[in-house]
Amino acid sequence: MSQLLATVHTAALAVAVDPHVGLLADAVPNVTPEMPKDVDKPVQSLLNWTAGLGLAAAVLGGLLGWAAVAVGHNSERAALAARGKQAILWSLFGAGGIGVTAALVTTFYTMGK
């Protein structure tokens, strides 16, 4: 591990000392990266629809899980109730994952603006 850190440190010093490294960043002066307006609106609506439909599917999965728990409990089918409980947990995990992913994608997408 120490040899890897030493190599990274040596490479970082070589890049910092080299005067030609700055030329790569100064190739196009006074330009800020920006998403074209014609592309920005459709991409935003695609991201919003994807997140919305994913969350709607997670809610539907949770509702069907609760229904399976109710039917399995009332009809004394333990396997159905257990599968319903798993469906509820997975729908919660799915909704959390969709929410975090949508927030990260939107954050990184709007960073370039």
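# A tour of helices H3 and H4

Start with the buried residues of H3: select Asp 40, Gln 44, Ala 51, Gly 54, Ala 58, Gly 62, Gly 65, Ala 68, Val 69 and Gly 72. These buried residues of H3 pack against H4. The model is a predicted one.

Now show the whole chain. The chain holds four helices and zero strands, and from the N terminus its elements run α-α-α-α. Of its 113 residues, 13% count as buried. Take the contacts between residues at least 6 apart in sequence: 57% of them join residues at least 24 apart.

Next, select residues 37-74, which form helix H3. H3 is made of 38 residues, and from its first C-alpha to its last it reaches 56 Å. That span is close to the 56 Å expected at 1.5 Å a residue. With the buried residues of H3 still coloured, look at Gly 54, Ala 58 and Gly 62, three of the set. An α-helix has 3.6 residues a turn, so residues three or four places apart point the same way.

Glu 76 sits in the loop between H3 and H4, just after H3. Is Glu 76 buried or exposed? Its relative accessibility is 75%, and exposed means over 50%, so Glu 76 counts as exposed. Check its backbone too: phi of Glu 76 is near 60°, a positive value in a residue other than glycine. Most residues other than glycine have a negative phi.

Go on to residues 78-111, helix H4. H4 has 34 residues and reaches 50 Å between its first and last C-alpha, close to the 50 Å expected at 1.5 Å a residue. Colour Ala 81, Gly 84, Ile 88, Ser 91 and Tyr 109, which are buried in H4. What do the buried residues of H4 pack against? They pack against H3.

Show H3 and H4 together. The axes of the two helices come within 7 Å and cross at roughly 165°. An angle over 145 degrees counts as roughly antiparallel, and H3 and H4 are therefore roughly antiparallel to each other. The crossing in which H3 passes H4 is left-handed. By class, the contact of H3 with H4 has 20 nonpolar, 10 polar and two charged residues.

For the last stop, select Ser 91 in H4. Ser 91 has 11% relative accessibility, and buried means under 20%, so Ser 91 counts as buried. Which residues does Ser 91 contact, leaving aside its neighbours within four places in sequence? They are Ala 58, Gly 61 and Gly 62.

Definitions and conventions: Residues numbered from 1 in each chain as written. Predicted model: local features only at pLDDT ≥ 70, side-chain atom pairs only at ≥ 80, totals over all residues. Heavy atoms only, no water. Buried < 20%, exposed > 50% of the residue type's maximum accessible area, 1.4 Å probe, protein only. Contact = heavy atoms within 4.5 Å. Axes fitted to C-alpha atoms, helices over the stretch in contact; angles between N-to-C directions. Parallel < 35°, antiparallel > 145°, perpendicular 65-115°, else oblique. Left-handed = near helix turned anticlockwise from the far one by under 90°. Nonpolar A, V, L, I, M, F, W, Y, C, P; charged D, E, K, R; others polar. Expected span 1.5 Å × (residues − 1).
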